[in-house]
Amino acid sequence: MARATVVPGFIDAHNHLSIAAFAPDCVDCATPPKSSLTEVLEAIEQHCKHAPPGQWVRGMGFNMFHVREMRNPTRGELDEVAPHNPVFLIDASCHAGFVNSLALDRVGIDEHAPDPAGGEIERDKAGVPTGTLLENAANPLHSASWNAYAERDWDHSVQLLNAKMREYLAVGITFVGDAMVTAKSAELYRRADAQGMLPFGVQMLHAGDHFFDTHDLRRSDIIDRIKQPGSDRLIGGTMKIFVDRAYPGPAIDKMHNGCCAHTGVAFYPKTEVGRLAKKAVELGIGTAIHGMGNCAVNTVMDAYESSRSGRSSDAVLRLEHAFVAEPRQAPRMAQLGIDLVANPGLAGLWGELFNLWRGDGQDHLRVFPVKSMADEGVRVSLASDHPCGTFSPVEIIATAVNRKSLKGTPIDPEEAIAPAEALRMYTINAAHASGLAGQQGSIEVGKRANLVVLDRDIVTCPHEQIGLARVTATYVDGICIHSL
Ligand SMILES: [Zn+2]
């Protein structure tokens, strides 16, 4: 008889399902397997040949660190391969986009357009936009292209969402948090829910009007969207705030010539993050705050500390990422009761970049300091951040245990965790971060029977075999809805 192991259903508390769902209709620009910019441009050209003129085309998965040319495409190159379609090639980080002239025209960006707060329109020497848009500057392109895809045919969009969720079920995911939901993506979820097309639960972490938008909690439409009652399968009530940016680098303290200098850029002044956190408490809204670098992590901790009064003791205080942070930040994080939603699986595709962010001799900083945080009592969850990385929980657990990039580079191996700990982080801890510790995350009487059957015991098998584990069955609410 074949051996099998049953574990609680995996909870991917930080995922971008509403972006990933459209991948089948987008140009697959994933690097790897593509290894050159030429291949990426060819794929876009082929796709555009079959797209109706004028229709938005999105490309996904491109990461310049994995192409031979080690650079992003130019506006001219995209014009050449896509003369009749506005093209938005999303950087694999989702923090930048590369576009052609038609796309810039569609959203009214020309040489006179000012840089938006929290973003940059890259320009050549003559001041003409190069087609590279960083952070908030890519917002209108993200929105225009995503909305165009979603609204083309809502029923088809619901089918795509459902199909992506079935892919998640096949790797054992039985709950996701979508870490960036706009008004339009909330509409997609509501339509899917009304049609019974959500095969498992989804938590919406609401952004502002756009992808990385700054939140305005004076606006009733945004408050109403966040607080709109959900259902058995669709949960709202939480807002997402971005503190620091991936480009030109997160808010990290770096040593320069012996002195500690703050590099990187933040979306908000510190006081504004605190003000938003306080307002959220008043409104009864949950918060998930994105902070990648150690400076941003401090800002998040300050915000949670200053917004303490009036908050219920069981409120979930989420910090997303902490990619490059300090072990000495852990005690305060634990004391504040923060849930750290970490993504060590991103070491696979991005490990070398994070090592660069930290820089030589920056020993006070660690990349994905998961073990340091957990050892000090911080409740750490593992999450994919897909499509920025793989969505397979066993692959992410393997990376958290083995601490190597896809190219084999060690990524702060002293932060490796034991498989059993990684499993807890992907189940019961992630349930807590999602506000669901009473309902999910463990196999207990009274909880939902969300279960995963694996073909091996990932806690005891050799570490190099963890990522090879296959999910043979997935149960949601006691019903087997995926099996091999
Ligand atoms: Zn994310």
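Predicted model: local features only at pLDDT ≥ 70, side-chain atom pairs only at ≥ 80, totals over all residues.

Reader: Which residues of helix H8 are buried?

Author: The general idea comes first. An α-helix has 3.6 residues a turn, so residues three or four places apart point the same way. In this structure H8 covers residues 220–227, and its buried residues are Ile222, Arg225 and Ile226. Seen down the axis of H8, these residues fall within an arc of 95°, so they line one face of the helix. On the other side of H8, Ser220 and Asp224 are exposed.

Reader: At what angle do helices H9 and H10 pack?

Author: Two packed helices are described by the angle between their axes and the distance between the axes. Here H9 (residues 270–283) packs on H10 (residues 294–306) at about 40°, and the axes are 8 Å apart. That angle makes H9 oblique to H10. The crossing of H9 with H10 is right-handed.

Reader: Which residues of H9 and H10 meet?

Author: From H9 come Lys270, Val273, Gly274, Ala277 and Lys278; from H10 come Thr299, Asp302, Ala303, Tyr304 and Ser306. By class, this contact of H9 with H10 has four nonpolar, three polar and three charged residues.

Reader: How do helices H14 and H15 pack, by angle and by distance between their axes?

Author: H14 (residues 393–402) and H15 (residues 419–426) pack at an angle of about 135°, with axes 10 Å apart. H14 and H15 are therefore oblique to each other. Their crossing is right-handed. In the contact, Pro393, Ile397, Ala400 and Val401 of H14 meet Pro419, Ala422, Leu423 and Tyr426 of H15. By class, the contact of H14 with H15 has eight nonpolar residues, no polar and no charged.

Reader: Now a loop residue. Is Pro73 buried or exposed?

Author: A residue counts as buried if 20 or more other C-beta atoms lie within 10 Å of its own. Pro73 has 28 other C-beta atoms within 10 Å, so Pro73 is buried. Pro73 is placed in the loop between strand S4 (57–62) and helix H3 (75–81). Leaving aside neighbours within four places in sequence, Pro73 is in contact with Leu37, Val40, Leu41, Leu78, Leu89 and Phe98.

Reader: How far apart are Pro73 and Val401, in sequence and in space?

Author: Pro73 and Val401 are 328 residues apart in sequence and 35 Å apart in space, C-alpha to C-alpha.

Reader: Last, the backbone. Which residues does a cis peptide bond join?

Author: Most residues other than glycine have a negative phi, and most peptide bonds are trans. A cis bond joins His386 and Pro387, with omega about 15°. Pro387 is in the loop between strand S18 (379–382) and H14. The bond from Thr31 to Pro32 is also cis, and its omega is near -15°. Pro32 is in the loop between strand S3 (27–28) and helix H2 (37–49).

Reader: What is the phi of Glu135, and what is that of Ala322?

Author: Glu135 has a positive phi of about 50° although it is not a glycine. Glu135 is found in strand S8 (residues 129–135) and counts as buried, with 26 C-beta neighbours inside 10 Å. The phi of Ala322 is near 45°, a positive value in a residue other than glycine. Ala322 lies in strand S15 (residues 317–325); with 31 other C-beta atoms within 10 Å, Ala322 is buried.

Methods
Residues numbered from 1 in each chain as written. Buried ≥ 20, exposed ≤ 12 C-beta atoms within 10 Å, placed from the backbone. Helix = DSSP H or I, 4+ residues; strand = E, 2+ residues; numbered from the N terminus. Arc of directions from axis to C-beta. Axes fitted to C-alpha atoms, helices over the stretch in contact; angles between N-to-C directions. Parallel < 35°, antiparallel > 145°, perpendicular 65-115°, else oblique. Left-handed = near helix turned anticlockwise from the far one by under 90°. Contact = placed C-beta atoms within 7 Å. Nonpolar A, V, L, I, M, F, W, Y, C, P; charged D, E, K, R; others polar.
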